[in-house]
Amino acid sequence: MTVKRVMGTETEYAVSLQGSGRYNPVQLSFDVVGAAADGHSDTIRWDYRQEDPVNDARGTRLERAAARPEMLTDAPQLNITNVIAPNGGRVYVDHAHPEYSAPETLDPFEAVRYDHAGDLIMQAAAEHAARQTGTPIVLHRNNVDGKGSCWGTHENYMMQRSVPFNQVARLMTLHFVTRQIYAGSGRVGIGEHSEQAGFQLSQRADYIHARIGLQTTFERPIINTRDESHSTESCRRLHVIVGDANRMQVPQVLKLGTTSMLLWLLEHADEAGFDMNEFLNGLDLADPVEAMHVVSHDLSLAAELPLANGGQATAWLIQLKLRQAVYQVAALLDGTDTKGEPAWPDKPTVSVMAMWGQALADVAAIRHADDDARLGLAAEAGRVEWLLKWQLLEKVRRKIAGGSNAGATQDTRLAWQDSRIKVIDLAWAALDPRTSVFAKLDPRTERVERNEDIARAADEPPTDTRAWLRGELVRTFGEEVAAVSWSRLTVRDPRFMDGDDSAEFYGNASRTTTDPARLFSLDISDPLAFTKSRCEQRLRESKHAIDLLKALAIGKEG
Amino acid sequence: MPQQFQQPQSQSADQHEEDDQIVTQSADQEQGQAQDQGDVLDSILDDIESTLETNAEEYVNSFVQKGGE
């Protein structure tokens, strides 16, 4: 009953030229990613052979000919750029956005630390690219441009494949629709093109149009079924695409922590005699996609969502029931302490469960406050990102609307379309701390990770997953590393390295021109088998990358 | 367990207290709790006023992206 599991985030950043409407975001993305590379690692290719974007978690495969070209992420253009970050993460161009995939981590706090480390890596890359190109390249950490485009912030969780996927989809649908009330980062505008004036809880909700599916770039689903585990056969990777890019740390820990606890619930419900199907029968939403939009648009936090069984419930009540189910199964399996609290096994779990309770208390407090009272909520605004953003914007809106505090009338509502409002929403997300509106409020928000630890996480891989081996291999033997992926490392035999052969290692790893006999690959599918404690000694004893991987390969068999 | 895993403990009624949890709120924020939230927001708005007035329209209009994921 722990919140700990292998998890990690992926963040796509918006890239633009400050003050200019004329730029090519694809080219800018290449500029930024190229600037993230150093001479030590810029010849290492990403190994796409382990990717399988057409494998569906529901047990089927999509015909490649039927897939849209952008779904075939394992057949990239030849000029795609990938950089292995010093912390074992990946910086690359994804369509028209520079993206940072954090290294594999073991709990939500570590995941948030490595996610924010990515902001430092990407901001440094953007500044480097701006100097190299002589253009004002800037990054934003958000998900929408207010003009129809949307890009992603993804979460990944390793989980037991033995849980029926249908149950995963049902429980996660409930969670993803309702967690917006404390996890949303807030957005100005309603509708994909901000057709209506207003403010909503979530950046992503209006772009979700399907219950379930393999795709991520059109008709985006609540449940993404891409089944590509990057792990061993007993596990699947739940790829979550509905989340917002958060600037605040608390909502991010909540997003990762509550989702991990609910996956634990799915993995242990049978063992505890908890009837998951009956639980879900009582809560399944009648129309999850509609509910996703309703919850995001409902600043009253009181909207009753129709359930499939004919009943109704608020998002808050559904969250309460999800949290109660975790408590119930934890108490059944491991008993409780003298205060009636389940015997949570570690600090991260204690903290996540407490923070989940606090989040629901915060939302209840917000719900029962009118707009004037909401403007004065200080503690809650330090934890709920959409509330803090709303407070700042509501102040401006009232000024624009001539001091009127009535939010209901059409005229005052139209003030939400004023460019002075929109610019704060956008500048909130600016990654550069010198121009970011969020950076000014950041010191007033609750923190779970210290800045010095985040800075260190930009340079050092996590010690407790295979990311340690990936990061240290590249740091120590960068020139000898030919290709890297989440689950495989390939190095060159130094006896056959003949000077400048970097050109042939550029591009798609599946079409390598190097004689395979000169390469050595290590399968690192098990995310927990190549940690610092298991590899450090062998790294110290190895003269070349190939010595290290061969020693680890033998160690694995033994 | 490293220190950095510890985070602010909640204040809600339905939480039990963990004596060994460490509150890591910054000094700045401790001040903020005592200070009126409206004043805090006003001072931030004063700080960014020039941005709002001078190039808001241009900044917002020039921010055009392509879809992702």
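## Packing of H2(A) and H5(A)

In this predicted model, H2(A) passes H5(A) in a right-handed crossing, where the near helix is turned clockwise from the far one by less than a right angle. The contact involves A:Pro108, A:Phe109, A:Ala111, A:Val112 and A:Asp115 on H2(A), and A:Gln249, A:Gln252, A:Val253, A:Leu256, A:Gly257 and A:Ser260 on H5(A); residues are in contact if their C-beta atoms, placed from the backbone, lie within 7 Å. These residues comprise 6 nonpolar, 4 polar and 1 charged (Ala, Val, Leu, Ile, Met, Phe, Trp, Tyr, Cys and Pro count as nonpolar, Asp, Glu, Lys and Arg as charged, and the others, Gly among them, as polar).

Helix H2 spans residues 108-133 and helix H5 residues 249-268, with an angle of about 135° and axes 9 Å apart. H2(A) is therefore oblique to H5(A) (angles under 35 degrees count as roughly parallel, over 145 as roughly antiparallel, 65 to 115 as roughly perpendicular and the rest as oblique). Axes are lines fitted to C-alpha atoms over the stretch in contact, and angles run from 0 to 180 degrees between N-to-C directions.

## Packing of H17(A) and H18(A)

Helix H17 (residues 467-477) and helix H18 (residues 532-541) of chain A cross at roughly 25°, their axes coming within 10 Å. H17(A) is therefore roughly parallel to H18(A), and their crossing is right-handed.

A:Trp468, A:Leu469, A:Glu472 and A:Thr476 of H17(A) meet A:Lys532, A:Cys535 and A:Leu539 of H18(A). By class, the residues of this contact are 4 nonpolar, 1 polar and 2 charged.

A:Trp486 lies in the loop between strand E16 (481-484) and strand E17 (488-492). A:Trp486 is buried, because 26 other C-beta atoms lie within 10 Å (buried requires 20 or more, exposed 12 or fewer, and partly exposed lies in between). Leaving aside residues up to four places away in sequence, A:Trp486 touches A:Gln50 and A:His230. The C-alpha atom of A:Trp486 is 8.8 Å from that of A:Pro103, 383 residues apart along the chain.

## Overall chain

Chain A has 19 helices and 18 strands, which are DSSP runs (H or I, at least four residues; E, at least two) numbered from the N terminus. Buried residues make up 54% of its 558 residues. Among contacts with a separation of 6 or more, 72% join residues 24 or more positions apart. The C-alpha atoms fill a box of roughly 75 × 60 × 50 Å along the principal axes.

## Conventions

Residues are numbered from 1 along each chain as its sequence is written, while chains are lettered from A and ligands numbered from 1 in the order in which they are written. Local features need pLDDT of at least 70 and side-chain atom pairs count only at pLDDT 80 or more, whereas totals for chains, interfaces and linings use all residues.

Terms used. Contact = placed C-beta atoms within 7 Å.
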